[in-house]
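Please read it with the structure open.

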Amino acid sequence: MTALGVSSIGRDSQLASIVANCERGVMNAQIDTDVVIVGAGFAGLYMLHSIRGLGLNARVIEAGDDVGGTWYWNRYPGARCDVPSMEYSFGWDDDLQNEWEWTERYATQPEILSYAGHVADRFDLRRDITFETRVTASAFDENHDTWTVSTDRGEEIRCRFVVMATGCLSSANTPDIEGRDDFAGRSFHTGQWPHEDVDFTGRRVVVIGTGSSAIQSIPIIAAKAGHVTVMQRTPNYAIPAHNKPLDPAEVAEIKADYRSWRAKARDSTSAFGGYRPRPDVSAKAVSDDERLATFEERWEYGGLGFGGSFNDLMLDQESNTLAADFFRSKVAEIVDDPELAEKLSPQTILGCKRICVDTDYFATYNRPNVSLVDVAETPIERITPTGVVVDGVEFEADDIVFATGFDAMTGAIDKVDFTGRGGLSLREKWSAGPLTYLGLGVESFPNLFLITGPGSPSVLTNMIASIEQHVEWIRDVIASMTEQGMSTIEAEGESEANWVEHVNAVAGLTLFNDCNSWYLGANVPGKPRVFMPLVGFPDYKKKCDDVAAAGYEGWVLA
Ligand code: NA7
């Protein structure tokens, strides 16, 4: 546990603060629970366990009817994590990590969901989770330094702290295409997939989108469907997963020293893959043969590590082009029809959107029952009861799959009507883009914490690593405040402004601003274009640790 710096808050001032709080009635305020946690995905589960560990109470409010978050909602065919399963799992409990057996290199959605259920059962978490309930609003009471959280079931819960554990990709984005509701067939969003199996046998399916969800699901849908028409706005980079059953000997080796294996991962930019560090050399600094051999080796190994073939792919346009050219040559090798291969080849910066990890995606276009429609130049015109119209041509469909992504990073937070000090609305405050300090807190919204919020590395990392780091930081500050009788913590305006500038400045050193990604909010019409995550996990973690060690520098504690 990190103690508050004695230098910043001496004994006398602590006492004075406690007395002042008592006088204002803070200590006497009736609360229903110490902490309300919104969301029962991995962040919510670990946060609840951690709060309990402090001897405090917490209540989790979850919209679904079970735990799992992202893995509860995204049940589309082929859904899998793009981070290897040995890493995409909690590392804070030795027994948990040693006893759980993953079966494949990349875990499927059902396997990850059952892991989440196992964590909930093992730590007896369900008894503090209220399912099938949404938080609709949350208002800060300045007289008592408490939050009043409202739910769609009409309940009002008064608490000291609110922790948003709502995930970064949880607010589905379904484009507002004319006639969408008139479609007479079945329609699905990959992020809100039905719980029961969906049978596509013999059906005409239109898939809208070519992001990760489409890339994972199209090969599986195409294997059964009568015909699949893919509507592509922007082609994407997808590296083969080369998924396979885990080798028991390899697993035993990792588990023999799981902690230091994970620690190595935490020292890498994306907080995973630390066992295969990227070479500290520019793609331009090696011979053509060496470069080709490196790309080949990374392609054969598979997965997101391709983006770490050299140290400057996201920093230098020319180096990036070398990697992108290699990628395009692979698409040309796989796809039989050269014209189609060309259409499927991205011309954008490799890695500017999160690289996808696929199984047979490009090869699926060699099937006679799969066709591609370019909707970049001529966007989807409308949806009719019987199909989707592009450029005056109707593509008839029995089913439409919207693989159209999410209102990322801010979508789920924006759905809650937050009111902070002086009646300030969070939506209003964020109208030109999210403002946070460290991605953890917001000025004028005391005692509100965001797990993997905008301004933190979050989606650029192994999410589980980022979740653990945030939960532990929040746990420690709540512990210190409780010990010392502090009632509020709030980001300072200046530190928030400087942090937002820092996040932008770091992104400005990279090529991340060069395409229309959901990192920038560019996929949602009208969303301000701001690069939301921070590049670089190790420096960020060090910053958070330093801030805590310096008595929570940049925060106001009262
Ligand atoms: P993504 O990656 O946001 O992909 C959504 C796709 O849907 C993408 O190809 C979009 O094209 C496309 N899209 C969105 N709106 C439209 C409209 N109106 N017309 C045509 N096409 C559209 O979401 P995913 O669910 O696939 O993946 C999200 C993350 O989950 C992924 O990065 C992994 O980390 C896991 P665009 O590229 O915007 O031109």
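1. At 5% relative accessibility, cysteine 168 is buried (buried means under 20% relative accessible area, exposed over 50%, and partly exposed in between, with a 1.4 Å probe and protein chains only). Cysteine 168 takes part in no disulfide (a pair of cysteine sulfur atoms within 2.5 Å): the nearest cysteine sulfur belongs to cysteine 81 and is 13 Å away.

2. On the basis of the numbers: this is a predicted model, where local features need pLDDT of at least 70, side-chain atom pairs count only at pLDDT 80 or more, and totals for chains, interfaces and linings use all residues. Residues are numbered from 1 along each chain as its sequence is written, and side-chain values use heavy atoms, with hydrogens and water left out.

3. Which cysteines form a disulfide? Cysteine 352 and cysteine 515 do, with their sulfur atoms 2.3 Å apart. The structure holds 1 disulfide. Its S-S torsion is about -105°, so the disulfide is left-handed.

4. Cysteine 352 sits in the loop between α11 (338-344) and β11 (356-358), and cysteine 515 in the loop between α16 (493-508) and α17 (537-549), so the bond ties together parts 163 residues apart in sequence. Helices (H or I, at least four residues) and strands (E, at least two) are DSSP runs, numbered from the N terminus.

5. Are the two partners buried or exposed? Cysteine 352 is buried, at 0% relative accessibility, and cysteine 515 is buried too, at 7%.

6. Cysteine 81 is in no disulfide, and the nearest cysteine sulfur, that of cysteine 356, is 13 Å away. With a relative accessible area of 7%, cysteine 81 is buried.
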